[in-house]
Amino acid sequence: MANDTTVEAIAKALGLSVEDLMAKVEKKETHKTWINKFGAEVPEGMVTRDDKLRDEVVNKIINKARKGERLIAKFKESVYGDIEEYMKRLRTECGLDAMKDSRKGNVALMSFNGKRKVQIRIQESIQFNEKLTLAKEKIDLYLNEITSEANDEIKFFIKSVFDDKNDNIDVKRVIGLKKLAIKHPLFIDAMKLVDEATEVGGSKQYIQFYEKQGAEDKWESILLNFSK
């Protein structure tokens, strides 16, 4: 805060009395504005106490979250670096190319006492191309051809798999059709089309951390799971 001498100097430079200068400062502070969610300026006097307290709490939490985000990102980079360095050294010792990406594939790294574990897991996302529509047409032909004596539960299950009112096809249910012991040629053709329609849309790598107290105890997850 400026001392009295500074205030007097500023007032003199502006050609104002100290009282007039302070009045202007107080007036400016009185007219402080807040920006609302619509981007409009709102006089501070019209912002309620609850709104101010909520704003303070939210900003405080988000600032902490941003700091945590940076710490987690740094830790994540460090973990991946440690694993990559270990796998490169292991590949070299086994006479393999050390520069090849060693982070592809599932692997579990265990401490010597068997009480700590780092698990790397790859999860692929499956999607279907346009041939799935042809597979559905084959299945419809199959359902129209089989007799009414066929298992109603099986027929209902097959129909429900392609119930895509929201354009969402359950991948597991579609793949599950291949487990049905149906030998009809139309159904077999449909399953071949399902195979041809199946594509890998991408993959994510997860790192999970586990610890346990004794050899017979269950693994306890350390909730710092990362995906990449």
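Author: Lys136 and Asp140 sit in helix α4, four residues apart, which is about one turn of the helix. Helices here are DSSP runs of H or I with at least four residues, strands are runs of E with at least two, and both are numbered from the N terminus. The two side chains form a salt bridge, with 3.3 Å between the closest N and O atoms; the term stands for a side-chain nitrogen of Lys or Arg within 4 Å of a carboxyl oxygen of Asp or Glu. The model is predicted: local features need pLDDT of at least 70, side-chain atom pairs count only at pLDDT 80 or more, and totals for chains, interfaces and linings use all residues. Residues are numbered from 1 along each chain as its sequence is written, and side-chain values use heavy atoms, without hydrogens and water.

Lys136 counts as partly exposed because its relative accessibility is 28%, and Asp140 falls in that class at 33% (buried is under 20% relative accessible area, exposed over 50%, partly exposed in between, with a 1.4 Å probe and protein chains only).

Helix α4 also holds Lys138, whose partner Asp189 lies in helix α7 (residues 185–197), 51 residues away, so this pair links distant parts of the chain. In this salt bridge the closest N and O atoms of Lys138 and Asp189 are 3.7 Å apart. Lys138 is partly exposed at 27%, and Asp189 is partly exposed at 29%.

The structure holds nine salt bridges. Another of them joins Arg116 to Glu211, with the closest N and O atoms 2.7 Å apart. Arg116 is in strand β4 and Glu211 in strand β5 (residues 198–211), so the pair ties together parts that are 95 residues apart in sequence. Arg116 is exposed, at 52% relative accessible area, whereas Glu211 is partly exposed at 27%.

Strand β4 also contains Phe128, which is buried at 19% relative accessibility. Its C-alpha is 8.7 Å from that of Gly201, although Phe128 and Gly201 are 73 residues apart in sequence.

Asn129 belongs to the loop between β4 (116–128) and α4 (131–145). With 18% relative accessibility, Asn129 counts as buried. A polar atom of the Asn129 side chain lies 3.3 Å from the backbone oxygen of Glu196.

Terms used. A polar contact is a pair of N or O atoms within 3.5 Å; within protein, one must be able to donate a hydrogen and the other to accept it, and residues adjacent in sequence count only if both atoms are side-chain atoms.
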